[in-house]
Amino acid sequence: MSLLEVEDLQTYFFTSDGIVRAVDGVSFEVETGESLGLVGESGAGKSVAVKSLMGLIREPGRIVNGSIRYDGQELTDLSEQELRRDIRGNEISIIFQDAMSALNPVFTVGEQIEEVIVENTDRSPTEARERAIELLDDVGIPDPSQRIDEYPHQYSGGMQQRAMIAMALACDPQLIIADEPTTALDVTIQAGILELFDEIQEKYETSMVYVTHDLGVVREVCDRVAVMYLGRVVESAPYEELYQNPKHPYTQSLINSVVTPDETLDELDPIGGTMPSAVSPPSGCRFRTRCSVEFGECSQLTPPLYDVGDDETHTAACLRYDEGVEREEPALHESTTSEPAVVEEQTDD
Amino acid sequence: MSGEENRVGDAELSANGRVLGTLAKLRHSPTSVAGLLIVGVLVAMAIFSAIDSFLFNRAIITWLHADPHAMDQSMRYSEPSRAHPFGTDRYGRDVFARIIYGSRTALTIGILAVGISFVGGVIIGAISAYFGGYVDDGLMRTVEVLYAIPGLVLAMIFMAIFGPSIYNLFIAYGIVGIPAYARVMRSEVLSLRDRQYVEAAKLAGLPRRTILFREIVPNGLAPVVVQATLSMGTVIIGAAALSFLGFGVQPPTPDWGRMLADGRTALLVAWWVALFPGIMIFLTVMGFNMLGDGLRDVMDPKTTVEDVGYEDFDVDSILEDDGHGELSPDEGDRQQTATDGGFEQHDAASPTPERGDRS
Amino acid sequence: MGLLRYALRRFVQIIPVLFGIVTLMFVMMHALPGDPVRLYLGTEPGQELADDLIESYGFDRPLHEQYFDYLVRLGQGDLGQSFVYNRPVSDLIWERMEPTLVVMGLSYLVALPMAIGLGIYGAARHNEAGDHASRFAGLAGISTPNFWLALMLIYVVTYHLELLPASGYTSPFIDPIESLTLLIMPVITLATAQTALLMRMTRSSMIEELRADYIETARAYGIPERKVLIRHSFRNALLPLVTIVGLQVSTLLGGSVIVEEIFAIPGLGRLFFDSLIDQDYSVAVGVTLFFSTLFLIGVVLTDIAYAYIDPRIKYD
Amino acid sequence: MSVRLPRYRTGTAVSGDESVEFRPFERHDGPVPTKAVATLGTQQSVTAGTYDARGRLFSPDVTCSGYTRVVFSMYKEGNTSDIDRRRFIKSTAAIGAAGLFAGCVGSDPDEPGDGSGTFRIATSDEVETFDPRMNQMAWYSTAAHYLFDSLLMMEPDGSGTVPHLADGELEEVDETTFVADIRDDVSFHNGDQLTAEDVAYSLNWVRNPDNDSPNLSNVEFLDEAEATGEFEVTLHLEYQSALMERTLAGMNAAIVPMDAAEEMGQEEFAQNPIGSGPFELANHDPSATVELTANDDYFLGEPALDGLEYRIIPETEVGYVELATGDIHQSGVTEALLDEAQNDDNIDVYQLDNFDFQGFLLNCLDGPFEDRRAREALQYLVDYDELLIGAVGDLGSRNWGHMPQGVIDAWDFPADEWEEQYYPEQDHDRAVELFEEAGLGTDFDVEITSQSGEATTGRATVLQNEFEEVGINATVSEISDGEWLDGLDNGDFDITTYGWGGNDDPDGYYYHMFRDIENDDGGMSDDVVGHSSIGYLYEGARERGDEEALEDLERLDEIVRAARQTTDREERYEYYVEAADLLMPLYPVLGVYSAESATGVHTNVQDYEPSPFGEQEAFNQWQEARIDD
């Protein structure tokens, strides 16, 4: 049984501009010890999806439908109280993109980590402090027993993210959600952090959901990848499989659009157009407005995830894979690139 | 060259567009609508009394109800009645008619005083921030001097120097208000002056004055406008306080503050003389504050008070539509849905999770 | 250490502003119409007497001489002599300082906890009925003219209900009980607008804080909601609040003129009002100067508190 | 017995079988009535009924809104000398609706005090100085009588003076020399005995220009006071003064202890006053309270009250609320609250004459009213009664001849004739006609400047309304006292509110307001303080070279000065009647009314009757106040 099973999750935001269907029928699974990459452009709903897992969606947002089973337990049935006590921090913890703003500026790093430990475990404040120093050491903060009493603004960007990771590890969670943890960092620092993730996963044996728009990062840390587009998962496969053999037009475009060293600019094939608004998404297949292979039914039928691989690990939501639908065979691009890289947009949320 | 000018034009355009957008957004906030309504009624009253006063010499209001200036000392302090719904004052004048005419005074003071503060504050703040250095130091120290003296105290001194009259009243409060605007404007300009379109304008060789007042200032006005709306109430109360202390509007001009001040000696026997002007001041200030709140909320991207509650949407119908978007709940027929296509992996009717994620 | 130096530096910085205020006040007081000697002596003074007085107060000397003289004496801590009371201004201010400060202090003491409590409540119940109610109350609070409120309080509480006395002042250090009964209505008058204002401030900065990333972090790590509200959000929301509290010293001092006049409290607000009416220059300047100094000190204390609360502020 | 009723009111006083009818402003002498029946009418309300001697209505005939109760005040017969009987009345004019003065109110001062407690009185202004020699605040002049004594004392009805510190009447040696014996049983609060030295010192101190006393002008008649014995003072006068006795009874001639005052210096004495009065200063909280405690060693005996407490409450209506709720015992009553106070069973209301002259001053030198016809037009423009009501409602009465009704009554001036001749009925057509004759028409602007205050802005507002009604553009500007004085000094006004307080002697009005200041000793230069000769009447006439008016004015100046230095009453009467006849046709002022002030006293205060002369009412030889809670 998977550690985490998300089924048909729908998280909407009810605003005066209309309903923002940020997550609209997302399903994925995370096995114990597995690291899942959640990839997509900005506005694809990745962050909302993972925040939904922990019940962190706030007004005017709301999970309107779907099921989140964690370790056999239905999280959507839990009360806020139960979520807080049983899940957050000690079972699932989350690392945010911008550690600078995710850490409270008026408390020292130590105070924040210790508080998490004290709230979620039986440890005394003294023990919590010891543990915090240990954790800081683990994540590579030099001279942790000194720096534990410093404020976040006294840390560099990379160190802040490390402190954040230390906090995530504080209560030995089973699942760590990393929400674009390296996006705000320099490439060099990013590499260090990614390395740290690998080390942690090895040492603590946690499962991980790694949200990013950067396919390169995914390769560093993830076993499997789910690609999201406009509130839906469009393709899901083990990393290598996906990279070598992308099935969904969107995934294909994604992989084609990245710059590689041995490519000239002309060969680059960016995805045309922009992602439609989540307030009024296109009917049928949501990608059809930017799809090079769109055909008639795309506007009427919503494609579910079809098994497209050999071993049931590769699924894609494209009507081309539905045997019952009439279509002209589109000419698929063969992916030629060898190195995945960054999707054009940089920021999320 | 033309490219730069286009950018310049865009900046202005976006400022205008933002104002319109802001006004449109206001309708989502019931408080703002109520505020707008109160202010609207007030403006209507003021315009009516201005026209009646200047063009018809109070003939209309006399015909409709009663002359706000007409004395009848045999009717001093009459209780509210059919003839005088708000009673009469110490000269037997009709309080209701004076309340209506008083709106003109209140609005005049509010708008002119705020106008003076606004213009003065924007100019000083903008110049101070844009030129920096000694100019900034000099101007800001001066502003701080004004700011350090309690507003009412400063206004009292001004009124004592220049003599009480409605003109001096709004000049006094206008000057008293300048520091607050100058500070807001200054910080706005500071954050705007390094923007790209400003750089562009500089490269285009536009004069500094033009850059400052055509490029930067219009884009930093939003918080100043909010400040203006909110301080309208403060000024109206302040003016009334000055009247109360004997530095205010001159008789026989109908003015709520003055009416309240004059009515206080009779409060124990003729509550209506002080009560109704007090309520009018209250409502007016409330109206402006509600409007100001609304403006601030829609102009400030950090607060989203116009969030519509979950309850306002028919969630079931949305779910039945398989999540295909409509702009609003009552536009449900726009799109063909795929429910009948049989591609559902999951039963759409699964229960909506109730999550206590509102604190 | 750093904090101390910072405080010192901030205090030194208010000196030029004070200097500006002194100059401004000096000019303004001499711009007042009327002649204090004339006012003091009534409509028909003897010329000799008037000349004597003018000379003894130095009113016959050129303005700039009077100004420099004033500055020099101010430097020695001498605020001058009251024309009306024939006593040192500093004595008059000293005598009347307590009531003003007590009323102001109590107003803060009442306003702050209420404002903070209601503000947090409103933010926590954002857009619910309780929030709307407290928001409306806040709006109503800032929209009520304080002098009107004072009159209505006297009319209802004293005159009709006969619950509390309407006038006078007793020092809380001498007779706390009587003092309290006398202070309730003045404090309500001053504190209403303050509470409303601070509550609105607390609420909006709390709402803003509650949207902050680190609040999401706290929630995501299972910190109880009460702690999230009080410890994490409020500590940060306190920052703008502290600023406003400092700035409100000015409003409260202005309000003291009205409250002291209506409730017959022998404080500085009334002293200022009377001195303005009597054109007792040196008293009016002295009180204004005192008010401004108090305000500036308030602002500096605010800055220091700010620096204390927010570790990001570097005091150098 | 004296009975006088204000305007519009008639009544019957009953004493045994005798009953007396009285009409407005009519006075009857006779025994103290056992009851009085009054038919009272004002513009607004009528109450008729039978009243007892204390003024309590025990059988109302009709009760409408307004008055249900009338306060009758009584003063003891006896102390009034026959000569002064005529002057008696002017105080009663103000008191209550039908003022009957009799002595039955006051208890015997020798009776040991059985009441006790502290008598709390609201007052609106802070005491600036406790030194009576430097004081010029009206309310403290009253309060100072509790702290200080004077040689003479005014009778409660103002009819004359009685010896106080003086042991018997002043002895007249010649026209400008008087000798006073001083009581030898008086000691100051510090224990020192009061001697002739103290008296001479106190009087000479105020007279000495070096001391800069603002009260100097009031004692100018005095040349020197000389201690001619341990308990004998000789007063040498500069000139004969009709006002000597009054001054010696007032606080401008308060007696302070020489040694202590010299030792302390004026500044300290002003904070720690030492007098010989029935109360001494116990505590002063600035702007809050002035507490006085009874002086056990007072030479007239120990007061029944434990003390007096003045509470300084700036807003009169707040003071009244405190009175109504019983927190204090006496407070002023504003005009608007008069009915309310009179309907309150716990409050006795007294209306006291202010002895003032209230109206408007017209600028005779410059501006629209420099022409006499324009000034005359104003008399037709206004309705005096409306102005009076607009200013003070019921708290005042019309006056004629530029002096208070009290003075007119006291002197029997021909007010009726003046009214007929110089106070025409309102006639807007005639007013406009006169404005046209004066070359103004109705197309001119008038600025009415007004001192701040309800009574001043009130009358200014009503006047503005009258101008507006005939189509003249008039504005009101409420200005500070400083600005107002500036305006007077510089002739920078069209019409301004004006009030002049005096006493019950015409000199207080005619000399002070209508003399030619140019003819003062040494004169006054044009550009200095103090140049407030009324409306620039003299200057205006001089500038226009109006010979006819100048001739009249010269005579006017001559006689107001002469009247001052004459003690013969008949002679003075003739002077003032002539002065009025010279002055009135020039219309330099718009004289509207004399104000009254209403004071409310809680009914738990016994044996206390405020008097407009305000001399130790809480404890003097006529009455001794007690608090019965």
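This report describes parts of chains A, B, C and D in a predicted model. Local features are taken at pLDDT of at least 70 and side-chain atom pairs count only at pLDDT 80 or more, whereas totals for chains, interfaces and linings use all residues. Residues are numbered from 1 along each chain as its sequence is written, while chains are lettered from A and ligands numbered from 1 in the order in which they are written.

**Chain A and its helix 4**

Chain A holds eleven helices and twelve strands, where helices (H or I, at least four residues) and strands (E, at least two) are DSSP runs numbered from the N terminus. Of the 349 residues in chain A, 56% are buried; a residue is called buried if 20 or more other C-beta atoms lie within 10 Å of its own, exposed if 12 or fewer do, and partly exposed in between, with C-beta atoms placed from the backbone. Two residues are in contact if their C-beta atoms, placed in that way, lie within 7 Å, and among the contacts in chain A between residues at least 6 apart in sequence, 66% join residues at least 24 apart.

Helix 4 of chain A covers residues 109–120, and its end C-alpha atoms are 17 Å apart, which agrees with the 16 Å that its twelve residues should span at 1.5 Å a residue; the expected span is 1.5 Å times one less than the number of residues. Because ten of these twelve residues are buried, helix 4 of chain A is largely enclosed by the rest of the structure. The buried residues include Val109(A), Gly110(A), Gln112(A), Glu114(A), Glu115(A) and Asn120(A), and what covers the buried residues of this helix includes helix 5 (125–138) and helix 7 (157–169) of chain A.

**Chain B and chain C**

| Span of chain B | End C-alpha distance | Helix and strand |
|---|---|---|
| residues 103–292 | 19 Å | 82% helix, 0% strand |
| residues 33–56 | 33 Å | 100% helix, 0% strand |
| residues 106–131 | 37 Å | 100% helix, 0% strand |

Ile116(B) lies in helix 4 (residues 95–131) of chain B and is buried, with 21 other C-beta atoms within 10 Å. Leaving aside residues up to four places away in sequence, Ile116(B) touches Phe170(B), Ile171(B), Gly174(B) and Ile175(B). Ile116(B) and Asp89(B), by contrast, are 27 residues apart in sequence and 33 Å apart in space, C-alpha to C-alpha.

For chain C, the assignment gives domain 1 (32–78) and domain 2 (91–309), with bounds that come from an automatic or database domain assignment. The C-alpha centres of domain 1 and domain 2 of chain C lie 38 Å apart.

**A sheet in chain D**

Chain D contains an open sheet of four strands in the order 12-13-15-14, with antiparallel pairing; two strands are taken to pair if DSSP finds at least two bridges between them. Strand 12 (171–174) and strand 14 (222–229) of chain D are the edge strands, each pairing on one side only, and the twist averages 25° from one strand to the next.

Strand 14 and strand 15 (residues 232–237) of chain D pair in the antiparallel sense over six bridges and form a hairpin with two residues between them. Within this pairing, Val233(D) in strand 15 of chain D is the bridge partner of Ala227(D). Helix 3 (residues 196–207) of chain D packs on the sheet, touching strand 14 and strand 15, and its direction makes about 165° with that of strand 14 of chain D; the axes are lines fitted to C-alpha atoms, for helices over the stretch in contact, and angles run from 0 to 180 degrees between N-to-C directions.

Strand 15 of chain D also pairs with strand 13 (residues 177–181) of chain D, in the antiparallel sense and over five bridges, and Asp181(D) stands opposite Glu232(D) in strand 15 of chain D.
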